[in-house]
Each structure stands twice: as C-alpha cells, then as structure tokens.
Amino acid sequence: MSEFADSKRAALERQGWHCLRCGTNIHDPSCWPGRSGHHRQLRRAADPDVRHSPANIVELCGSGTTGCHGWVHQHVAEAERLGMIVPLGTDPRDVPVLDWEGRWMRLNMDGTATRLTAMEVATLDIDRRETE
C-alpha cells in the first residue's frame with residue numbers, strides 16, 4: 001500500500017469508521033455513497049514529511065465536491081477554525097481538529113489521536129481564528 005492509503009486506513013480506524021465531521025458510518029458503503037481521504041493541509045504545498053501522514057489525513061464522507069468533504073472545500077474559513085484545513089506554513093501536528101462528538105484532538109504521526117485537556121481547549125483561540 002502507499003503512504004496515503006496507509007494513512008487513510010489509520011484515519012478510518014482512529015475515527016471508528018465514521019466521518020470526522022458528521023459522524024456518519026462510512027464503513028458500510030450502503031450507508032453512505034462514498035468516503036475520501038482529506039489532506040488537512042493541501043498535499044501539493046504540504047511539507048513532504050507530513051504530506052500523506054496520519055497527522056494530515058482525515059476521512060470524510062463524500063468527495064471533494066459532495067458530502068462533508070465538499071463542505072470543507074466550500075467553507076474554508078469555518079473548516080480552518082475547526083482544524084479540518086491547516087494553513088500553509090503551519091505544522092498539521094500542531095493544529096487540533098474537532099470531531100463530530102465535539103472532541104478536540106491532535107492527530108499523531110502514528111495514526112492515533114491525543115484528546116486535548118479541558119485547559120488546552122479553553123486556551124484555543126477559536127474566536128480570533130474565525131475573524132481573521
């Protein structure tokens with residue numbers, strides 16, 4: 001398998017086979033017509049060390065134009081605020097992401113995720129990121 005395929009598999013396992021944004025079961029193709037790996041930081045511009053790593057990949061329902069994957073690409077500012085898009089020049093390992101259950105977490109290179117503590121969540125500057 002390729003690094004990207006391995007990272008998509010790790011993301012699916014980390015997310016319990018659910019879309020990161022809406023929580024839809026994406027394990028069973030009959031439950032949703034499609035899923036896709038999303039690079040939180042654009043693959044063409046991302047640092048090669050993290051480009052296809054599990055820290056930069058999440059699984060979303062739909063494609064780049066449909067479902068939650070489409071939503072992310074159509075609502076860039078909000079997706080960035082939620083950690084689903086990482087600005088260029090920022091390391092995806094340092095940008096937490098919000099999942100469908102309201103949990104903020106940092107995605108690790110080994111395919112796991114580390115949930116943020118209540119204090120870490122309280123110090124996230126979500127409002128500032130939203131207005132920039």
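Trainee: Is Val121 buried or exposed, or partly exposed?
Mentor: Val121 is partly exposed, with a relative accessible area of 30%; buried means under 20%, exposed over 50%, and partly exposed in between, using a 1.4 Å probe and protein chains only. This is a predicted model, in which local features need pLDDT of at least 70, side-chain atom pairs count only at pLDDT 80 or more, and totals for chains, interfaces and linings use all residues. Residues are numbered from 1 along each chain as its sequence is written, and side-chain values use heavy atoms, leaving out hydrogens and water.
Trainee: Which residues does Val121 touch, not counting those up to four places away in sequence?
Mentor: Val121 touches Trp104 and Leu116 under that condition, where contact means heavy atoms within 4.5 Å.
Trainee: Moving to the strands, how do S3 and S4 pair?
Mentor: Strand S3 (residues 97-98) and strand S4 (residues 104-107) pair in the antiparallel sense over two bridges. Strands are DSSP runs (E, at least two residues) numbered from the N terminus, and two of them pair if DSSP finds at least two bridges between them.
Trainee: What is the bridge partner of Val97 in S4?
Mentor: That partner is Met105.
Trainee: And which residue in the turn between S4 and S5 has a positive phi?
Mentor: Gly111 does, at about 95°, in a hairpin with five residues between the strands.
Trainee: What sits over the ring of Trp71?
Mentor: The charged end of Arg21 does, 3.7 Å from the ring centre; the rule requires NZ of Lys or CZ of Arg within 6 Å of the ring centre and within 35 degrees of the ring normal.

Conventions: Helix = DSSP H or I, 4+ residues; strand = E, 2+ residues; numbered from the N terminus.
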